[in-house]
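Welcome to this guided tour! Please keep your viewer open and be ready to select residues as we go.

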Amino acid sequence: ERAIALYGQRLQEAPDDVQAQLGVARAEAARACLYNGSSEDTEQALQLAQAVIARQPKLAAAHAALGYAHDCRGEIDAALAAYERAVQLDPGADASRASAAYLYARQGRLSDALAANLAVRAPERVRFWELQVASNLDLMGYSAAAEARYRRSFQLYPDNVFSNIAWPSFLYEHGRFGEAQAALDEAFARRTEHASLHLLATELALQRGDVTAAQTAVQGARALRPQASLPTTLAWITGAEPKPASQELLARSAALQAGLAQGSDPFDGIEAGLLADMAGDRHAALLALQAAVAAGYRNASYLRVSPLFAELRKDSGFAPLLQTMEAAVAADRARVIASGQLPADAQAVTVAR
């Protein structure tokens with residue numbers, strides 16, 4: 001907040017100051033991504049970055065700011081194009097290279113993601129680099145190596161919002177629910193508030209059958225991100241809020257799936273499946289999950305353990321969905337091994353999956 005105020009003060013003095021414009025753009029996007037800001041923050045960030053690019057189209061930092069704004073809006077294709085352009089203009093732009101790597105993983109391009117992460121020249125300067133490599137390794141089956149990286153990051157960076165989310169989430173997805181709850185409690189104590197922490201608390205509460213605690217937790221996420229779709233969906237699932245009619249649920253599901261074609265986050269297809277299942281349309285729910293997998297969703301571990309999918313897992317169409325993900329991951333893992341780029345800590349571990 002102080003940074004935004006200072007940049008704003010500078011822009012009153014010099015409205016065309018590029019450094020100040022990009023400073024505001026990045027800070028506004030960060031407020032949305034990291035600190036529970038609103039869509040108005042990302043819209044402002046987009047406008048500022050685009051204004052700078054219009055005047056200086058070859059300024060890598062402007063494309064990086066544009067990418068970050070799109071990223072925080074969940075517009076993966078647009079964000080990736082901007083990050084890639086930033087790296088093209090400035091091969092030393094490690095932050096943009098790492099951000100692109102993160103989005104490759106979101107698209108299911110795990111070998112591309114790991115290669116881009118390992119191409120970062122100064123990883124110690126990239127805040128989420130360790131978490132990204134850990135995620136790549138975990139999705140490809142090198143869970144022991146991923147665990148060591150997640151644990152280290154959680155220990156060393158108590159003020160890192162996403163580290164505080166990643167470690168308990170890893171434990172949860174591997175069925176270590178007691179450890180996940182303990183880590184989540186510690187994360188909450190660090191006061192790096194984020195809706196994802198409350199959403200994880202919701203799932204852990206459902207896992208142990210405590211519906212009241214789940215309803216309380218999801219309302220925490222709703223309070224932090226009132227405009228976000230997923231907290232609302234989970235509020236309906238848990239009964240924290242009355243769910244709408246089936247027709248509206250299916251319409252929201254269809255809208256999320258339509259976004260996949262425009263380059264939105266593949267997890268939107270997962271949420272679309274939950275909405276369709278809540279509406280009582282199991283076939284539509286499985287089609288939505290298939291669309292998510294086709295768009296690049298690869299976190300089979302989450303789908304196996306989450307209580308949100310307990311009924312869907314009973315359907316005969318669910319196992320083939322997991323098999324499709326596993327086949328895609330196996331192909332990426334083979335490419336990484338063939339390239340010789342597998343990190344040393346992963347080389348020493350037997351693939352679990």
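This is a predicted model: local features need pLDDT of at least 70, side-chain atom pairs count only at pLDDT 80 or more; totals for chains, interfaces and linings use all residues.

Start by selecting S246, which is found in helix α15 (residues 246-261). Helices here are DSSP runs (H or I, at least four residues), numbered from the N terminus. S246 is partly exposed, with a relative accessible area of 37%; buried means under 20%, exposed over 50% and partly exposed in between, with a 1.4 Å probe and protein chains only.

Residues are numbered from 1 along each chain as its sequence is written, and side-chain values use heavy atoms, with hydrogens and water left out.

Next, select E28 in helix α2 (residues 18-34). Is E28 buried or exposed? E28 is buried, with a relative accessible area of 9%. Leaving aside residues up to four places away in sequence, E28 touches I4, D41, Q44 and A45; contact means heavy atoms within 4.5 Å. Show the side chains of E28 and R31 to find a polar contact of 3.0 Å joining them. A polar contact is a pair of N or O atoms within 3.5 Å; within protein, one must be able to donate a hydrogen and the other to accept it, and residues adjacent in sequence count only if both atoms are side-chain atoms. Also look at T42, 14 residues from E28 along the chain, where the C-alpha atoms of the two are separated by 6.3 Å.

Now select helix α4 (residues 60-72) and helix α5 (residues 76-89), which pack at an angle of about 160° with their axes 7 Å apart. Axes are lines fitted to C-alpha atoms, for helices over the stretch in contact, and angles run from 0 to 180 degrees between N-to-C directions. Therefore α4 and α5 are roughly antiparallel to each other, a term for angles over 145 degrees. Highlight the residues that make the contact, including A60, H63 and Y68 of α4 and A78, Y83 and L89 of α5.

For the last stop, select helix α7 (residues 110-118) and helix α19 (residues 318-339): their axes are 8 Å apart and they pack at an angle of about 35°. L110, S111 and L114 of α7 meet V329, D332, R335 and V336 of α19.

Key:
Helices (H or I, at least four residues) and strands (E, at least two) are DSSP runs, numbered from the N terminus. Angles under 35 degrees count as roughly parallel, over 145 as roughly antiparallel, 65 to 115 as roughly perpendicular and the rest as oblique.
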